[in-house]
Amino acid sequence: MSTTTTTASAPASMNDREREELIRANMPLVGHLVRDMLGRVPAHVNRDDLTSAGLAALVTAARGFDPERGIPFHRFAATRIRGALLDELRGLDWASRSVRSRARQADTARQHLTATLGRTPTPQELAEYLGVPVSEINSTADDVQRAVVLSLQGFTTGSADDMVTESTMGPEEMLLHRERIGYLHNAIEALPERLRIVITRYFLKEEPMSVIAAELGVTESRISQLRAEALTLLKDGLNTHLDPEQVQAAGRPDGCVNRRRATYFAQIASKGNLNSRLAHTNHHGLPTNLAA
């Protein structure tokens with residue numbers, strides 16, 4: 001059994017020395033979560049800033065930890081550390097105005113070409129339409145997908161550690177939290193096959209992009225494009241059912257792009273009902289396959 005897991009069985013009434021030992025034993029957890037986050041954001045994000053925020057969250061978690069809740073400390077702390085890292089990133093506002101502007105231009109051009117060609121344009125076609133190098137298209141797409149990842153992580157959770165909830169969450173909040181998780185499962189299931197494969201293997205199975213590209217017989221830049229496209233669909237699909245005001249039309253209201261999106265949104269709803277969505281978690285908000 002690892003040191004991190006062993007510390008979770010500490011007595012309910014811990015003194016300052018015991019809490020300090022708990023913090024020291026779980027400091028590697030901060031490093032792990034920071035490394036994971038750095039792989040999803042631009043290179044200029046400062047590791048030290050994230051580490052500092054993560055360590056502060058670890059200390060706060062140790063002070064508020066109650067072993068009698070039945071939640072291992074490393075899971076309890078991971079939730080708060082991830083939240084602190086996301087807050088730190090949002091505060092940095094790393095997506096500059098120029099990046100946001102290029103992303104909007106690329107999105108508008110992609111929608112126009114999709115409607116014209118009847119399919120998603122290749123990076124080369126998009127670059128030629130905008131008059132920029134393909135490398136700039138790929139770079140912008142990477143920044144956009146990272147922003148969407150942060151948005152999705154702030155909206156709901158995708159890993160077992162993230163799904164550990166606050167003990168102070170009320171019954172209504174817990175029900176909504178569990179329903180969101182269920183909708184996320186349905187939204188992933190309803191994705192077109194290639195997009196579903198990319199999301200499942202990259203985010204859930206944590207496979208390298210190069211491996212996924214080789215398996216699908218495409219380039220890594222194509223996988224990056226598919227990943228960004230899937231994340232946008234997921235966010236809009238979830239918001240369609242949970243926060244419709246956040247959804248913006250893509251292209252003409254009666255165009256083929258919006259028709260395909262509407263079909264996808266409808267498929268999300270058809271994948272389950274309230275009971276089946278809640279079945280993904282128990283009444284504590286933990287995944288049912290890990291809750292036993």
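## Burial and surface

Of the 292 residues of the protein, 41% count as buried, where buried means under 20% relative accessible area, exposed means over 50%, and partly exposed lies in between (1.4 Å probe, protein chains only). The protein exposes about 15600 Å², and 51% of this area comes from carbon and sulfur atoms. These areas were computed with the Shrake-Rupley method and a 1.4 Å probe; for residues, only the protein chains shown count as cover.

## Basis of the model

This is a predicted model, in which local features need pLDDT of at least 70 and side-chain atom pairs count only at pLDDT 80 or more, while totals for chains, interfaces and linings use all residues. Residues are numbered from 1 along each chain as its sequence is written, and side-chain values use heavy atoms, with hydrogens and water left out.

## Fold

The protein has 14 helices and zero strands. Helices (H or I, at least four residues) and strands (E, at least two) are DSSP runs, numbered from the N terminus. Residues 24 or more positions apart supply 66% of the contacts with a separation of 6 or more; a contact means heavy atoms within 4.5 Å.

L22 belongs to helix α2 (residues 16-25) and is buried, with a relative accessible area of 3%.

## Helix α9

Helix α9 (residues 171-190) has 20 residues, which at 1.5 Å a residue should span 28 Å; its end C-alpha atoms are 29 Å apart, which agrees. The expected span is 1.5 Å times one less than the number of residues.

The buried residues of α9 include M174, H177, R178, E179, I181 and Y183. Among the elements covering the buried residues of α9 are α10 (193-204), α12 (220-242), α13 (256-270) and α14 (274-278).

## Aromatic rings and charges

Rings of Phe, Tyr and Trp (its six-membered ring) pair if their centres lie within 6.5 Å; planes under 30 degrees apart count as stacked, over 60 as edge-to-face and the rest as tilted. By this rule there are four aromatic pairs. In one of them, the ring centres of F65 and F73 are 5.0 Å apart and the planes stand at 75°, so the pair is edge-to-face. F65 is buried at a relative accessible area of 4%, and F73 is buried at 0%. The rings of F73 and F76 have centres 6.4 Å apart and planes at 35°, so this pair is tilted. Both F73 and F76 lie in helix α5 (residues 73-92), three residues apart, about one turn of the helix. F65, F73 and F76 form one aromatic cluster.

A charge sits over a ring if NZ of Lys or CZ of Arg is within 6 Å of the ring centre and within 35 degrees of the ring normal. R227 lies over the face of Y202, 4.7 Å from the ring centre. The charged end of R277 sits over the ring of Y183, 3.9 Å from its centre.

## Confidence

The average pLDDT of the protein is 76, and 74% of the residues score at least 70; pLDDT is the predictor's confidence in each residue, from 0 to 100. Confidence is lowest in helix α1 (residues 3-6), at a mean of 38, and highest in helix α11 (residues 209-216), at 90.

Over residues 1-12 the pLDDT is below 50, and this stretch has 19 contacts in the model beyond near neighbours in sequence. For residues 150-168 the pLDDT stays under 50, and the model has 54 contacts beyond four places in sequence. Where pLDDT is low, the predicted coordinates should not be read in detail.
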